[in-house]
Amino acid sequence: MSVAHTEVTPQDKGQLTGPCGDDDCGIRDVLDRIGDKWTVLVLVELSKGVRRFRELHRAVPGISQRMLTLTTRRLCRDGLVERTAYPTIPPQVEYRLTPMGRSLAEAVRRLADWSREHKDAMDDARARWDAGHGLDSED
């Protein structure tokens with residue numbers, strides 16, 4: 001390959017790549033975290049206030065104790081949730097959103113509001129597209 005093939009062409013200079021204008025804006029990490037349905041449900045519940053483990057477990061239907069433990073551990077690792085353990089017998093553990101976690105919970109809430117507002121329009125658009133492409137709308 002010649003040197004000309006490996007150089008940056010003039011139109012490429014100064015152009016930023018990636019969804020945020022650079023290669024490492026962190027969006028992949030955020031989408032990886034909120035792409036997990038349990039994370040979103042735990043964030044929404046914690047946005048209502050401090051919760052003990054059992055309260056969280058009861059408030060998130062269908063989540064196992066193990067999955068709740070893994071989810072809260074990941075959220076703590078990411079700095080979105082703070083875990084406080086009290087030296088009682090049995091141990092008492094509370095979870096609360098950090099300021100960064102509250103910020104993300106608010107963004108998730110706005111996304112949910114947007115989804116609710118546009119759900120019917122998206123359903124209509126899908127039905128029109130399916131009809132125009134000879135598909136059954138349940139495909």
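## Salt bridges and surface features

R51 and E45 are joined side chain to side chain by a salt bridge, with N and O 2.8 Å apart; the term requires a side-chain nitrogen of Lys or Arg within 4 Å of a carboxyl oxygen of Asp or Glu. The model is predicted: local features need pLDDT of at least 70, side-chain atom pairs count only at pLDDT 80 or more, and totals for chains, interfaces and linings use all residues. Residues are numbered from 1 along each chain as its sequence is written, and side-chain values use heavy atoms, leaving out hydrogens and water.

R51 counts as buried at 17% relative accessibility, and E45 counts as buried at 10%. Buried means under 20% relative accessible area, exposed over 50%, and partly exposed in between (1.4 Å probe, protein chains only). A salt-bridge network links E45, K48 and R51. The structure holds 10 salt bridges, including those tabulated here.

| Salt bridge | N to O distance |
|---|---|
| R51 and E45 | 2.8 Å |
| E94 and R96 | 3.8 Å |
| D123 and R126 | 3.8 Å |

E94 is buried, with a relative accessible area of 15%, whereas R96 is partly exposed at 25%. D123 is partly exposed at 31%.

The charged end of K37 sits over the ring of W38, 4.7 Å from the ring centre; this label requires NZ of Lys or CZ of Arg within 6 Å of the ring centre and within 35 degrees of the ring normal.

G49 is partly exposed, with a relative accessible area of 24%. The C-alpha atoms of G49 and Y95 are separated by 8.7 Å, although the residues are 46 apart along the chain.
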